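Morning, everyone. Please bring the model up on your screens. I'll walk through it piece by piece.

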Amino acid sequence: MSGTEGATALLKNVEVESSVGRVPPARKTGLSLFLSRLVKQRTLVFMSVPFILWLFLFKYVPLWGWTIAFQNFKPAKSFGEQQWVGWKQFEFMFADDRFLQVMRNTLAMSLINFVLGFATAITLAILLNELRAVAFKRFVQTISYLPHFISWVVAATIIQTALSTDGGIVNEVLLALGLIQEPVLWLGVGKYFWGIMGVSEVWKNVGWNTIIYLAALTTIDPSQYEAAEIDGAGRFQRIWHITLPGIRPVIVILMIINLGQILETGFEPQYLLGNGPNLDYSENLEIFILKYGMNLGNYSLSVAAGIFKTIVSIVLLFGANHLAKRMGQDRLF
Amino acid sequence: MAKTNQPNYKIKLSVGDRAFDIANYTFMILLMIVTVYPFVNMLAVSLNDGMDSVKGGIHIWPRVLTWDNYEYVFKQATILHATFISISRTVLGTLISTFCSAMVAYTISRPDFVLRKFVTLAFVLTMYFNGGLIPNFLLMRELDLLGSFWVYIVPGIVGVFNIIVIRSFIEQLPDGILESARIDGAGEFTTFMRVVLPLTMPVLATTSLFTAVYHWNSWFDVFLYNSSHIELSTLQYELMKMLQNSNATGTSGSMDGMGGTASFVTPTSVRATMTIVASLPIIMVYPFLQRYFVKGMTLGGVKG
């Protein structure tokens, strides 16, 4: 940090002095100083510049593809031959009932994941914190991380098996408890899909999501608990008045970050568990982009939807960052 | 994740406290059952005779114990080859990405490096946008990466998030160590290889674990770029195809036997076997490495 600032200060100095003409011409000017330092640091340059080229090719060049959204893109034609259509693809997209349905699904699943995700992770973290047997607590934690590491393909296979009508455990348990009279085809009914996604997401990630709260809980001063106990506070009162306020800053920050990702419902579970009967509820923005692009070959509309998603996400992210700053938290990035 | 500041209850427990504890422990045991049962169930089905499984009722223990399903799965040339591709991309992808990310991280941790700000900004900016599906696809096609193993490796040569995590670790190293290497006449690359790499091993363990899990679990790039190249398929993608097939039929399996071996295997039992094969490496490894994972999580997370 200080090194570069020193260098910049030096550069400014050189410029100022040369403009006044007090410096002999032999002294290096800004550009040649930069070049000579570049040569001197050539090893560092060789160690990083190839990756900058890689970065340019794989991350910045695809942005050029955004032009496709303003064309009536035909893969066989060259760039010069493409027909330019302005905002027509966007107009078509926003007027498309399918797109509106996809947006509804995306936002609904986001919201469900948001509420369920936070509620379960915070509750589990607090309950884990209340366990007194340290070894047992560690064991529960280790087990609870497991589903986070397995792929969505495996998780989707598990979910589909558990929900199946021929011997799926969910139907078996519900039948045994008398909650349903006959097996339910869970994945075949559209209106169940959002709920299934919410529960699946919790099953997969709740344990993992407690980590950050448990880390925050270690910063609470134990003497607070002792003082509360002496004052006669019960278990729930201690949780309500000490534990929860102790992790509030973390909760607030994570919520803000997640608000910035409201269009990122994920893609894999919806795609893997989506099928004909639940399509009207399972198709989200990412699947829309994939279907229009790869299945229907309508590259232009697919790219337009992708641009829409990226732009909204960036706006939300900066908005969230601004919000975090205003609330006196550290910036998120 | 050291100790939690668990309140030290020395005062005699009240009835309410005890009831809370009992409820809490019961809840935790239920949670563990819900988490583990699906895997145990898959394992039981994978070890049970295929035709017998069709009768249902397999829960945590196989009824007719057999290795036939595993034998069948590993006699399939496709699956055997997919396992090889999965392992290759995991090992190669992780090694390359970890080494390259560490190298970039080192250069931008040097305070006097002229391009430091430029390189950092160029990388960090890419965290906020993405060309998107079609532009990326067209790029891979232009680069002739479709139908190639390298399409799994090259787009992930460096990870921006990993670079940032590794850089902050390098910046926390005591200054004297790097200085003394330089005084001894070591160049930047030698310093990186001989001094920085060994010292950053703890953080590299973390980032490489996340990268390895990513590679092992990915199927979307196979689907997108190599779906017509069976010789480049991975385990996860093969399992995904089985899942899609049973989605199409609407049940978790059918009665049709698959011949080939002396006894019959069914789609259900093959799928269960594939599920175990695809998740076993992770199940076996993660409990021992979880402290690295957790470290990565808290490193990358927000400090409250």
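Start with burial in chain B. Of its 304 residues, 40% count as buried. Buried takes 20 or more other C-beta atoms within 10 Å of a residue's own, exposed takes 12 or fewer, and partly exposed is in between, with C-beta atoms placed from the backbone.

A word on the source. This is a predicted model: local features need pLDDT of at least 70, side-chain atom pairs count only at pLDDT 80 or more, and totals for chains, interfaces and linings use all residues. Residues are numbered from 1 along each chain as its sequence is written, while chains are lettered from A and ligands numbered from 1 in the order in which they are written.

What is chain B built from? It has 13 helices and 0 strands. Helices here are DSSP runs (H or I, at least four residues), strands are E runs of at least two, and numbering goes from the N terminus. In chain B, 69% of the contacts with a separation of 6 or more are between residues 24 or more positions apart. A contact means that two C-beta atoms, placed from the backbone, lie within 7 Å.

Next, the two chains together. How many residues of chain B are in contact with chain A? The count is 83 residues of chain B, against 84 residues of chain A. Elements of chain B giving two or more residues to that side include helix H1 (15-46), helix H4 (77-109) and helix H13 (267-300). H1(B) supplies the largest share, 14 residues. By class, the side of chain B that touches chain A has 47 nonpolar, 29 polar and 7 charged residues. The classes: Ala, Val, Leu, Ile, Met, Phe, Trp, Tyr, Cys and Pro are nonpolar, Asp, Glu, Lys and Arg are charged, and the others, Gly among them, are polar.

Now one helix pair across the chains. Two packed helices are described by the angle between their axes and the distance between the axes. Helix H3 (residues 42-64) of chain A packs on H4(B) at about 125°, with the axes 9 Å apart. That angle makes H3(A) oblique to H4(B). Axes are lines fitted to C-alpha atoms, for helices over the stretch in contact, and angles run from 0 to 180 degrees between N-to-C directions. Under 35 degrees is roughly parallel, over 145 roughly antiparallel, 65 to 115 roughly perpendicular, and the rest oblique. H3(A) and H4(B) cross left-handed. Left-handed means the near helix is turned anticlockwise from the far one by less than a right angle, and right-handed means clockwise.

Which residues meet there? From H3(A), they are A:Leu44, A:Met47, A:Ser48 and A:Phe51; from H4(B), B:Cys100, B:Met103, B:Val104 and B:Thr107. That contact has 6 nonpolar, 2 polar and no charged residues.

A:Gln41 is buried, because 20 other C-beta atoms lie within 10 Å. Beyond its neighbours within four places in sequence, A:Gln41 is in contact with B:Phe113 and B:Val114.

Compare a pair inside chain B. Helix H7 (residues 160-171) packs on H10(B) at about 170°, axes 10 Å apart. So H7(B) is roughly antiparallel to H10(B). Their crossing is right-handed. H7(B) brings B:Asn162, B:Val165, B:Ile166 and B:Phe169, and H10(B) brings B:Val203, B:Leu204 and B:Thr207.

On to the cores. The largest nonpolar core has 54 residues, and A:Val153, A:Ala156, A:Leu272 and B:Leu239 have the most contacts inside it. A nonpolar core is a set of buried Ala, Val, Leu, Ile, Met, Phe, Trp, Tyr and Cys residues joined through C-beta atoms within 7 Å. Helix H7 (residues 152-163) of chain A gives the most to this core, 9 residues. Among the residues that A:Val153 touches are A:Leu272, B:Trp219 and B:Leu239. Apart from this core lies another, of 28 residues, including A:Leu55 and B:Phe192.

Last, two loop residues. Is B:Asp144 buried or exposed? It counts as exposed, because it has 10 C-beta neighbours inside 10 Å. B:Asp144 lies in the loop between H6 and H7 of chain B. Its phi is near 65°, a positive value in a residue other than glycine.

A:Tyr192 is in the loop between helix H8 (169-176) and helix H9 (193-217) of chain A. With 16 other C-beta atoms within 10 Å, A:Tyr192 is partly exposed.
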